[in-house]
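Here are my notes for your review, point by point. Please read them with the coordinates open.

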Amino acid sequence: MTSYIGAIDQGTTSSRFIVFDRSGRIVSAAQSEHEQIYPAPGWVEHNPNEIWRRTGEVIQEAMERGGLRPKDLAAIGIANQRETTVVWHRKTGKPVGNAIVWQDMRVATAVAEFARDGGQDRYRSRTGLPLATYFSGLKIRWILENVLGARAGAEAGDLLFGNIDTFLIWHLTGGTSGGIHITDVTNASRTQLMNLFTLQWDRDILKEFDIPIEMLPQIVSSSEVYGVAQLPAIAGVAIAGDLGDQQAALVGQGCFHPGDAKNTYGTGCFMLMNTGSKPVFSNFGLLTTVAYKLGHTYPACYALEGSIAITGALVQWLRDNLGLIAKSSDIETLARTVDDNGGVYFVPAFSGLYAPYWREDARGVIAGLTRYANKGHIARAALEATAFQVREVVDAMAKDSGIALDALRVDGGMAKNDLLMNFQADILGKPVVRPVVWEITALGVAYAAGLAVGFFKDTNELVANWAIDCRWDPSMNVETRERLCRYWNKAVTRSFDWVEPAGAQTF
């Protein structure tokens, strides 16, 4: 009998392969970073071939570390950075260019163009999403219009599109020799091309974006056997789970009931609340998305999402661009050299502002500087920026859902930062709870794959695996909390209207 379940967690900055046992504990793991490419201001790219190569390397490394053979794995699931767009040749597997990352802003002019007729919410009633640079659809359109020969190739059926999940599954299951071209409903819901009600590609939107449906993958559930792996280290193992990384974290946190919510602190920050079997549309700047669909028997489950573009990426920026710290974990040590933010507020609108503002014209600002401020205050303001942004999303979610959170379940790399988690509880006025298993995104897609092959019986078994590692209770008084939030809101307004119309330079 197979003892373990595997998970590929392909994120914005790195790829991981993690093997879990039946109780959700990690048996073996490996991780490798990939290059972040910035060809122009506001542009962010990844090399798809590098991501595929790194994925293969971490799979082999984790299997060897654990002394594991393919027969030890019941199945493998894939969680992925969402919206990051790849177009490649069907016959050769060669991408037409680098992947356009979810943070990339090159389609801002197209967003404005489509918003002129019908407004920013032109497609929200069908897709749950506002017009924004965030999603895949307009990125595909940009590739077809700007890469030589891409449109002709797509119309001839020679090109394939996929977010990173689709690209990896295609390669894992054979690539040019019969690779499976699919995506699950959660990833499809992030393209702005899928109808939330039919769970199929919306042909009217495809026509308006001028995207041939032939290049799109088949939409499937998040938990079923799609094919088997061809890589030697995992040859013959079923590929049986596929979830966007944030939806995977929702599953990993055991949020299977309406009102359950989690927040993932990664490159960006993403809060999802389960809203049940019917989509709830937002009036306060949130996204409506598919949470998961576990096989063919059960209906899709939906979620409200608050997406924040820059959180952990701000710490990386302080490390890589300013040299303020040597490694990301040093941010907490530096921030603890001061007692408070010294009146400094850091709004990291490097890619505009996502929820709840959706301001493409915003750019990053540091406000409240005086001669008193030092690098410790900058570090503390950078951490607090994450907590303030999460507070805004929590407030919007309460207004949309009518549900006030009892506690916030957290995961992701920045959830290891005790100073941030303590401030998060203070600024929310709510407890913050971190589970024992921190690799919750990988665990969630491992659960999806395990359910598909009977490794796990049902979602009740998954909920029973969840356990608390640490809990932070708020201690800040209401007056202080509201004063800090008031100054944060002032700083946010200073970031507005920086980019001028008609695609003007951002510097």
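1. Arginine 359 is partly exposed, at 24% relative accessible area. This is a predicted model, so the value is computed from predicted coordinates. The arginine 359 side chain forms a salt bridge with aspartate 497, with the closest N and O atoms 3.0 Å apart. The two partners sit in distant parts of the chain, 138 residues apart. Arginine 359 is in the loop between strand 19 (345-347) and strand 20 (365-367). Aspartate 497 is in the segment after helix 16 (478-494). Aspartate 497 counts as exposed, at 57% relative accessibility.

2. Which parts of the chain does the pair of arginine 16 and glutamate 439 tie together? Arginine 16 belongs to strand 2 (residues 14-20). Glutamate 439 belongs to the loop between strand 22 (432-435) and helix 14 (440-452), so the bridge joins parts 423 residues apart in sequence. The closest N and O atoms of this salt bridge are 2.5 Å apart. Glutamate 439 is buried, with a relative accessible area of 18%; the cut-off for buried is under 20%.

3. Arginine 471 and aspartate 473 also meet through their side chains, in a salt bridge of 3.0 Å from N to O. Both ends are partly exposed: aspartate 473 has a relative accessible area of 41%, and arginine 471 has 45%. Elsewhere, salt bridges with shared partners join Arg82, Glu83, Arg190, Asp245 and Glu305 into one network. The total count is 29 salt bridges.

4. The largest nonpolar core has 107 residues. Ile5, Phe20, Tyr134, Tyr265 and Tyr292 touch the most other members. Helix 12 (residues 375-401) gives this core its largest share, 13 residues. A second core is separate and has 34 residues, including Ile100, Phe114, Leu196 and Ile219.

5. What does isoleucine 5 touch, leaving out residues up to four places away in sequence? Its partners include Ile18, Val19 and Phe20. Leu73, Ala74 and Ala75 are also among them.

6. Helix 12 is mostly covered, with 22 of its 27 residues buried. The distance from its first C-alpha to its last is 39 Å, close to the 39 Å expected at 1.5 Å a residue. Asparagine 374 caps the N-terminal end: a side-chain oxygen lies 2.8 Å from the backbone nitrogen of glycine 376. Just after the helix, glycine 402 has a positive phi of about 75 degrees.

7. Helix 1 (residues 48-65) passes the length check too. Its 18 residues should span 26 Å, and the end C-alpha atoms are 26 Å apart, which agrees. The N-terminal cap is asparagine 47, which places a side-chain oxygen 2.9 Å from the backbone nitrogen of asparagine 49. After the helix comes glycine 67, with a positive phi near 60 degrees. Buried residues of helix 1 include Ile51, Trp52, Thr55, Val58, Ile59, Ala62 and Met63. Pro48, Glu50 and Gly56 are also among the buried residues. For reading that list: an α-helix has 3.6 residues a turn, so residues three or four places apart point the same way.

8. Serine 282 lies in the loop between strand 16 (269-276) and strand 17 (287-292). Is serine 282 buried or exposed? Serine 282 counts as buried, at 8% relative accessibility. A polar atom of its side chain lies 3.0 Å from the backbone nitrogen of phenylalanine 284. The serine 282 side chain also reaches the backbone nitrogen of glycine 285, at 3.4 Å. Beyond its neighbours within four places in sequence, serine 282 is in contact with Arg124, Thr288, Leu304 and Asp400.

9. Last, the cysteines. The structure holds 0 disulfides. For cysteine 255, the nearest cysteine sulfur is that of cysteine 301, 10 Å away. Cysteine 255 counts as buried, at 0% relative accessibility. The sulfur of cysteine 485 is 15 Å from the closest cysteine sulfur, in cysteine 269, which is too far for a bond. Cysteine 485 is buried as well, with a relative accessible area of 7%.

How values were computed. Residues are numbered from 1 along each chain as its sequence is written. This is a predicted model: local features need pLDDT of at least 70, side-chain atom pairs count only at pLDDT 80 or more; totals for chains, interfaces and linings use all residues. Side-chain values use heavy atoms; hydrogens and water are left out. A salt bridge is a side-chain nitrogen of Lys or Arg within 4 Å of a carboxyl oxygen of Asp or Glu. Helices (H or I, at least four residues) and strands (E, at least two) are DSSP runs, numbered from the N terminus. Buried means under 20% relative accessible area, exposed over 50%, partly exposed in between (1.4 Å probe, protein chains only). A nonpolar core is a set of buried Ala, Val, Leu, Ile, Met, Phe, Trp, Tyr and Cys residues joined through side-chain atoms within 4.5 Å. Contact means heavy atoms within 4.5 Å. The expected span of a helix is 1.5 Å times one less than its number of residues. A polar contact is a pair of N or O atoms within 3.5 Å; within protein, one must be able to donate a hydrogen and the other to accept it, and residues adjacent in sequence count only if both atoms are side-chain atoms. A disulfide is a pair of cysteine sulfur atoms within 2.5 Å.
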